[in-house]
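Welcome to this short tour. Please open the structure in your viewer and keep the selection tool ready.

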Amino acid sequence: MSIFMKISILLILFISLNILSIYTFDYKDYFANKKESIELNEKNSIFKFFSEDFFKKPTYVSSNFVITKNNNKLFLSGIFSSNEMAKKITDFLKINNLENITIVENSQINKDLLEQIVELTAILKDNFEDNSKISFDGNKIVLEGFLKDESYRELVNITLSKISNYEIQTNIYEKIKSVDLNQENVTKDDELNKLNNNLQEKKSILSKDDVQLLVNNLFITDKISFERKSVEPTEKSKMLIENLSIILKENNSFSIEVCGHTDSRGNKELNKKISQDRADMVKEILISFGVDKDRIRAVGYGNERPIAKDDENGLSDINRRVEFIIGD
């Protein structure tokens, strides 16, 4: 047999064996085992950097915190992303001290929440007794403690009504002075009746200074503003004016002066007219909310009574304002 024939026979046998292998090989088992091998190897190799965990965004947790009043000071405790963040919050809310701070790097706090509770924090400090507090658990704001005086409850309710997007829970009590039930000819029922009558009369005996404080607190974080080139207040400002009307109607023995002011830009006489028109508009809105018109005096002072220095162009957002002065 020639060499050529031998080579041909071997080639035919080789091709036949390959064809037989292709048709008899179990590919399903092979790739199943191969996949398992790759998955095991990926756990300890560079492939893990491109796994699902690599592309997953970090999960943030909400900062929980408590603001407590003690010895006429405010203290902040809770969970924050860093000491620096906790310090920024104390500065923004005008809190005196930090205590019991826990650092959790992936925690975060919503700026909108801080903006909504800044006024409430000021009220906690000024109008509540020691050991009162504001707490936040990620979704719910809880205000609890003793009011210094029942007359402040109205201000608290107005402030809470401004807060949106968060559940609110309140446990607010009025501090009642202790009663000596051992006095001669005084019975327990007499004292309870006396306390009840005092509570009913509190709203009618507020002083002018008390009412002025209520009004001032209403504008701690917001002020009356107007539509551009208009004497028409913004919708948000109309809500503030409505809240002001509630205070005035509850304390109807006092008058109020609505004072319009501008900065020094432009003509002095024109500024005075603009401030007068805006003061008149605020008066009209108060009347529409049920305040007696005879109790309201509207005055436009123009740029005569600045409370800050205007810039080189005569502009000042601080000097452009509406003030409210409670009178007898």
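Predicted model: local features only at pLDDT ≥ 70, side-chain atom pairs only at ≥ 80, totals over all residues.

**Stop 1**

Lys-94 sits in the loop that links α4 (83-93) with β4 (97-103). What is the phi of Lys-94? Its phi is positive, about 60 degrees, although Lys-94 is not a glycine. For background, most residues other than glycine have a negative phi.

Now select Asn-165, in the loop between α6 and β8 (167-174). Here, too, is a residue other than glycine with a positive phi, this one near 75 degrees. Is Asn-165 buried or exposed? With a relative accessibility of 65%, Asn-165 counts as exposed.

**Stop 2: a pair of helices**

Next, select residues 111-127, which form helix α5, together with residues 153-161, which form helix α6. Their axes come within 10 Å and cross at roughly 165 degrees. How do the two directions relate? Angles over 145 degrees count as roughly antiparallel, so α5 and α6 are roughly antiparallel to each other. The crossing of α5 past α6 is left-handed.

Show the side chains to see who meets whom. From α5 come Glu-119, Leu-120, Ile-123 and Asn-127, and they meet Leu-155, Val-156, Thr-159 and Leu-160 of α6. Sorted by class, this contact of α5 with α6 has five nonpolar residues, two polar ones and one charged one.

**Stop 3: a sheet and its helix**

Finally, turn to an open sheet of three strands and colour them in the order β10-β9-β11. Which strands are at the edges? They are β10 (296-300) and β11 (321-327), and each of them pairs on one side only. The pairing in this sheet is mixed, and its neighbouring strands are turned by 20 degrees against each other on average, direction ignored.

In general, strands of a sheet pair through backbone hydrogen bonds, either parallel or antiparallel. Click on Cys-259, and then on its bridge partner in β11, Glu-323.

Note on methods. Residues numbered from 1 in each chain as written. Heavy atoms only, no water. Pairing = 2+ DSSP bridges. Helix = DSSP H or I, 4+ residues; strand = E, 2+ residues; numbered from the N terminus. Axes fitted to C-alpha atoms, helices over the stretch in contact; angles between N-to-C directions. Parallel < 35°, antiparallel > 145°, perpendicular 65-115°, else oblique. Left-handed = near helix turned anticlockwise from the far one by under 90°. Contact = heavy atoms within 4.5 Å. Nonpolar A, V, L, I, M, F, W, Y, C, P; charged D, E, K, R; others polar. Buried < 20%, exposed > 50% of the residue type's maximum accessible area, 1.4 Å probe, protein only.
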